[in-house]
Amino acid sequence: MTDDATGAAHTTGGARIHVPIHLRWGDLDAFNHVNNTSMLKLLEEARVRVFWTPEPGEQAPPTAVVSSGIDAGTLTLIARQEIEYLAPVPYRREPLDVQLWFGKIGGSSVEVCFEVHAPIGASPVLYARATAVVVMVDAVSGRPVRLTEAMREAWEPYVGEPIVYGHRR
């Protein structure tokens, strides 16, 4: 079920945010599918749209509560990333359906979970699952800072089961 106001699909354990991400021709490699390094950029784009506060006139999900820019005072740094590729992603004109939720909200960090799906309305394919641990850091000192109450309130409705990777050795 999708909540039309937020674009979030409700699942057991929380909701998911759906972010449509268009591919660029340059995201493909010689094998005619999205290159692994391009996948990191696609996930980054989805994460930025979910985290950063919108500019006047822009729309954003209710999770977009982090001020961006060099003068914001707080940086969002990636402490860890992991991707499990499940199927090659072909070039398409329709945007991929990148779904996000939070696997864990910590003191100064949050575990962001991703699933990259075929475009909405296309044959269902789960292309990849990923996790990124994002740490909030003071821009001047470089030291971690506590998540704000506004962050916690905005993100808690989207806490769900963390990704369990199936192809680990």
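**Figure 1. Phe51, Phe102 and Trp155 make up one aromatic cluster.** This is a predicted model, in which local features need pLDDT of at least 70, side-chain atom pairs count only at pLDDT 80 or more, and totals for chains, interfaces and linings use all residues. Residues are numbered from 1 along each chain as its sequence is written, and side-chain values use heavy atoms, with hydrogens and water left out. Rings of Phe, Tyr and Trp (its six-membered ring) count as a pair if their centres lie within 6.5 Å; planes under 30 degrees apart are stacked, over 60 edge-to-face, and the rest tilted. The structure holds four aromatic pairs.

**Figure 2. Trp25 meets Tyr91 edge-to-face.** The ring centres of Trp25 and Tyr91 are 5.6 Å apart and the planes stand at 75°, so we call this pair edge-to-face. Trp25 sits in the loop between β3 (14-21) and α1 (36-51), while Tyr91 is 66 residues away, in the loop between β4 (74-85) and β5 (96-105). (Buried means under 20%, exposed over 50%, and partly exposed in between, with a 1.4 Å probe and protein chains only.)

**Figure 3. Phe51 pairs up with Phe102.** Here the centres are 6.0 Å apart with 85° between the planes, another edge-to-face pair. Phe51 belongs to helix α1 and Phe102 to strand β5, 51 residues apart.

**Figure 4. Arg16 lies over the face of Trp101.** The distance to the ring centre is 3.8 Å. (A charge sits over a ring if NZ of Lys or CZ of Arg is within 6 Å of the ring centre and within 35 degrees of the ring normal.)

**Figure 5. Gln99 is part of strand β5.** Gln99 counts as buried, at 9% relative accessibility. Its side chain makes a polar contact of 3.0 Å with the side chain of Asp97. (That is a pair of N or O atoms within 3.5 Å; within protein, one must be able to donate a hydrogen and the other to accept it, and residues adjacent in sequence count only if both atoms are side-chain atoms.)

Key
Helix = DSSP H or I, 4+ residues; strand = E, 2+ residues; numbered from the N terminus.
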